[in-house]
Amino acid sequence: MDSEISACPITIEVEDDRTGLSVTTLKRALADNLFYLRGKFPGIATKHDCYMALAYTIRDRLLQRWLNTAQTYSKKDTKIVCYLSAEFLVGPHLGNNLINLGLWEPVKQAVTESGLDLEELINIEEEPGLGNGGLGRLAACYMDSLATLEIPAIGYGIRYEFGIFDQQIHDGWQVEITDKWLQYGNPWEIARPEASVKVKFGGHTESFMGDDGNNRVRWIPGHMVEGIPYDTPILGYKVSTANTMRLWKAEAAESFDFQRFNIGDYYGAVNEKVSSENLTKVLYPNDEQIQGKELRLMQQFFFVSCSLQDMIRIHLFEQDSLETFAESFSVQLNDTHPSISVAELMRLLVDEYEIAWDKAWEITQKTLSYTNHTLLPEALEKWSLKLFGSVLPRHLEIIYEINRRFLDEVHLRYPGDEHKIANLSLIDEHGEKYVRMAHLACVGSHAINGVAALHSELLKETTLRDFYELFPQKFSNKTNGVTPRRWMVLSNPKLSQLITEKIGEGWIKNLYELKQLEYLVEDPNFRLQWRQIKREVKQDLAHYIEQKNDLIVDPNSLFDVQVKRIHEYKRQHLNVLHIVSLYLRLKNNPNLEIAPRTFIFGGKAAPGYFMAKLIIKFINAVAEVVNNDPLIRDRLKVVFLSDYNVKLGQRVYPAADLSEQISTAGKEASGTGNMKFSMNGALTIGTLDGANVEIREEVGAENFFLFGLRAEEVQQTQKTGYRPWDYYHGNGELKAVIDLINSGFFAHGDSNLFRPLINSLLYGDPYFLLADYQSYVDCQEKVSQAYQNPEHWSKMSILNVARMGKFSSDRSIREYCQDIWDIEAVPIELLDLCPDGQCLLY
């Protein structure tokens, strides 16, 4: 009988430590990564070591999806969206990847059973300082949506060693501290030095006769820099697609001169390395000086050239001819920073690959599309011919040729109209001559879009009017959106859980499903749960404020929040004028009944922008007086949260009751903070500017606090002559507010401190604060009245969230895919790339 014993039918499967998803496997992988990748055992490991071990554990799970995605794209010869952006404000990766993998709970259990705290490890992660505002955050949201919608995509940008500065507040003033986000390493990126490219600068050009008998041009550079790609996987929500964010680091083509070292010139031996690596040292150098302008131009060309060369390499790996390049790639220029792509793609096609000019121009226009993000003329980049020619001599020649051919067409369309020709020319001939980069992008792209309905109309009517008249078919609107994965699920888990309990989790990938919440708005129990969650989130932020600002605020007060880049057109100082008016009212009538408010500000000013930095000082000066006046008690508090970034935004957006979107009508392209606030139940006080217009249309006028001049009224007032002094003399409260500030009351008696700010308002007021003041103050009174009716306020809050479906970045990306990129989803099947532990190398 013993010889007849059959094989045991039970099989035991042991999960791979790199890909397994069970709690047991995750714990084992965490311990292994701590030991083998960090070289630490638990007794000596720091919390940062534990964070890194956990990050590597999660990255392993991403890699399986990432490599599957790359292999699928390669085999299917898919068209790829290439999103070129000088900024990617992605935020911390760990929490977002846990959400998108659907691993939050098992990882939390594994971490807890390992004696650690998941929230603590998440908070350790250094935020990548790769952007300074909405432009970079939009790019990050779009990368999330591209992966979630399973659209093949690569995000190309710059790997800044030192990103947007860390902000500290000293005596009320902003102080910039170096952002050393890479100091302890970045576990999410993988360097790809084997895919490096060479980038030329300076020098001169030479003409010669090609083998085909045609005249050719050779660019002889003054120096060359090597671009090293660093890749980060960007995972979609509960799909197997993991696209790539490829960021370029500059290194010297020859980093060490041994001959110089031998003769004792130790500095000279490494000089090339130092000067080359400066290219990607810091995000947006201060360009007030000529050296800063030159570095900024070089940064922009560096990442554009690296990216286009990379695309060509990928294309030629699969295809024989570049004539089909536009069928392989659709390149989106995120604002004017990458607009040098037009000239660089032409140079590569014509000079390097000897494609005829007309064919190269056809390929270039079919490949490129341009998103404009601003109506402000000063933000539409232009470069002096002298600077541009010294850095990119060949590109200046190419731009001249593009301009010559383009203006020939314009002459035929508008014969004898020299004014029109001057307006459309790629070269600004007024005074010192400049290359107009937005013009170059318009001519060299097949599609041009604005980022909100109002913004797109104003582009066609004002900033790019002449181009719209010439190329109306190129123009469209693509209203911005934000990802609900980071800005609701990750940032506001309690509210997200309540919503999911009521309507299911489908809303996370289809935000229009939030519409179902409208059926719950009359349910008093649901409204109570809604208010309880808001109260808990506000309590969390109040605790943070107490820790960071040493200030106790009341979570029952109205949290009135304005967090965004500091700029005069965003009008943080209008908000402060209102605070001072409330302060004066309470001083004049201590028994006045008002809804208690906590005013919360956050944002960074550009280092060279004096007026913006003065506004920060103004906010903090008023805060110092108001917060320490015993007569005011807890009825008013003013808080400036330093070093505002994505991580801090995840705390602030869910806690806000009121969202301040008060820019001068016609100045803000879109805004995305307005969407994040509304998605988390804040009500908006705002002008009809940017996406505010569409938010109001969606949520209903009755659920939006509107004030101020409209864009057309601003334009008309400018034309007829704006006299801010009339508003100052005609409004007693406004005059009292300005006089109090002018007296030095908020500056320890220094009447000169805020004089530049007040003089700007009284002797010009370019952003119409005084014209909008009374409307704003009156509207704020309506806010106070509404807040004192919690049941009604809750209904308005619920309806704001329920009607935010349009403002998902998923909707934006679908529109780009359909209208501009002509691209479809490519689902990824999660396969084992190493079956039975055997990885085939080929």
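Hi everyone. Two strands count as paired if DSSP finds at least two bridges between them. With that in mind, let's look at this structure, which is a predicted model.

I'll start with a sheet. It is open, has 3 strands in the order β13-β15-β14, and its pairing is antiparallel. The edges are held by β13 (382–384) and β14 (427–428); each has a single partner strand, so one side of each lacks a neighbour in the sheet. Between β13 and β15 (residues 434–436) there are 3 bridges, in the antiparallel sense. For Lys 382, the bridge partner in β15 is Arg 436. Helix α16 (residues 437–444) packs on this sheet and touches β13 and β15, with its direction at about 40° to that of β15. Lys 382 also lies over the face of Tyr 434, 4.8 Å from the ring centre.

Now for the aromatic rings. How many aromatic pairs does the structure hold? There are 25. One of them joins Tyr 156 and Trp 248, which are stacked, at 6.5 Å centre to centre with 10° between the planes. Tyr 156 belongs to strand β2 and Trp 248 to strand β10, 92 residues apart. Both residues, Tyr 156 and Trp 248, are buried.

Why is the pair of Trp 487 and Tyr 653 edge-to-face? Their ring planes stand at 85°, with the centres 5.3 Å apart, and planes over 60 degrees apart count as edge-to-face. Trp 487 sits in helix α19 and Tyr 653 in helix α24, so this pair ties together parts that are 166 residues apart in sequence. Trp 487 counts as buried at 2% relative accessibility, and Tyr 653 does at 5%.

Finally, Tyr 83, Tyr 142, Tyr 816 and Trp 821 form one aromatic cluster.

Notes:
Residues are numbered from 1 along each chain as its sequence is written. This is a predicted model: local features need pLDDT of at least 70, side-chain atom pairs count only at pLDDT 80 or more; totals for chains, interfaces and linings use all residues. Side-chain values use heavy atoms; hydrogens and water are left out. Helices (H or I, at least four residues) and strands (E, at least two) are DSSP runs, numbered from the N terminus. Contact means heavy atoms within 4.5 Å. Axes are lines fitted to C-alpha atoms, for helices over the stretch in contact, and angles run from 0 to 180 degrees between N-to-C directions. Rings of Phe, Tyr and Trp (its six-membered ring) pair if their centres lie within 6.5 Å; planes under 30 degrees apart count as stacked, over 60 as edge-to-face and the rest as tilted. Buried means under 20% relative accessible area, exposed over 50%, partly exposed in between (1.4 Å probe, protein chains only). A charge sits over a ring if NZ of Lys or CZ of Arg is within 6 Å of the ring centre and within 35 degrees of the ring normal.
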